[in-house]
Amino acid sequence: MADEADIIQTASTGNGADNGPQIALISQYTKDLSFENPNAPAVYQWQDQPQIDVQFNIGADKVGEEVVEVSLKIDVKATAPQGTAFAVELVYAAIFGMRNVPEDQVQPFVLAEAPRLLFPFARRVLADAIRDGGFPPLLLDPIDFGTLYMQQAEAMNQTAGEPAGHA
């Protein structure tokens, strides 16, 4: 009968050091939250449905040897013919530990997978802030950050091959 140690294979070197890729969520938090209701209390009398503009931005900062902070910034502005109903700025962030991750996999994780993990929490913080401001909560539809990343990467590749100017 084979020894169990002979059957189990792990991604480790001869000295027992683990060299397989590892990513771990260390902490997540609200980094910045701003809610403005510049036309209160008159805004609660307005009959017009406001137009909602939502903008996203993803940022990443290396904060240590194997640690990266990924932030998901969401700006929401609701405007009606009478003026701004509300404006919200949220930066929701997380710290990820990354060890032995191939360089070509870091950017897809940071710009696609990490925001996908953060989005449900950021969405809840945003909805609560808007509700606490006296408005119906804004429930954002899920976002496919992976597809957005692939589209942006494809667009960057197409523009990289084009000439810079006219001759």
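Which residue of strand 4 does Lys73 stand opposite? Lys73 stands opposite Val91. The points below set out the surroundings of that strand.

1. Basis of the note. This is a predicted model, in which local features need pLDDT of at least 70 and side-chain atom pairs count only at pLDDT 80 or more, while totals for chains, interfaces and linings use all residues. Residues are numbered from 1 along each chain as its sequence is written, and side-chain values use heavy atoms, with hydrogens and water left out.

2. Overall architecture. The chain contains three helices and four strands, arranged along the sequence as α-β-β-β-β-α-α. Helices (H or I, at least four residues) and strands (E, at least two) are DSSP runs, numbered from the N terminus.

3. Burial and surface. Of the 167 residues in the chain, 28% are buried; buried means under 20% relative accessible area, exposed over 50%, and partly exposed in between (1.4 Å probe, protein chains only). The accessible surface of the chain is about 11,100 Å², and carbon and sulfur atoms account for 51% of this surface. Such areas come from the Shrake-Rupley method with a 1.4 Å probe, and for residues only the protein chains shown count as cover.

4. Contacts along the chain. Contact means heavy atoms within 4.5 Å. Taking contacts between residues at least 6 apart in sequence, 66% join residues at least 24 apart.

5. Strand 4 and its partners. Strand 4 (residues 83-99) is mostly covered, with 13 of its 17 residues buried. Strand 3 (residues 67-80) pairs with strand 4 in the antiparallel sense over 14 bridges, and a hairpin of two residues joins strand 3 to strand 4. Strand 1 and strand 4 also run antiparallel, joined by 13 bridges; Tyr29 has Ala93 in strand 4 as its bridge partner. Two strands pair if DSSP finds at least two bridges between them.

6. Aromatic pairs. The structure holds eight aromatic pairs. Among them, the rings of Phe35 and Phe86 have centres 6.0 Å apart and planes at 20 degrees, so the pair is stacked. This pair links Phe35 in strand 1 (residues 22-36) to Phe86 in strand 4, 51 residues apart. Rings of Phe, Tyr and Trp (its six-membered ring) pair if their centres lie within 6.5 Å; planes under 30 degrees apart count as stacked, over 60 as edge-to-face and the rest as tilted.

7. Phe35 is partly exposed, with a relative accessible area of 28%, whereas Phe86 is buried at 5%. The rings of Phe86 and Phe135 have centres 4.9 Å apart and planes at 45 degrees, so this pair is tilted. Phe135 lies in the loop between helix 2 (103-132) and helix 3 (145-160), 49 residues from Phe86, and both residues are buried. Phe35, Tyr44, Phe86 and Phe135 form one aromatic cluster.

8. The surroundings of Glu69. Glu69 lies in strand 3 and is buried, with a relative accessible area of 8%. The side chain of Glu69 makes a polar contact of 2.4 Å with that of Tyr29 and another of 2.9 Å with that of Lys31. A polar contact is a pair of N or O atoms within 3.5 Å; within protein, one must be able to donate a hydrogen and the other to accept it, and residues adjacent in sequence count only if both atoms are side-chain atoms. Not counting residues up to four places away in sequence, Glu69 touches several residues, including Gly59, Asp61, Val63, Ala93 and Ile95.
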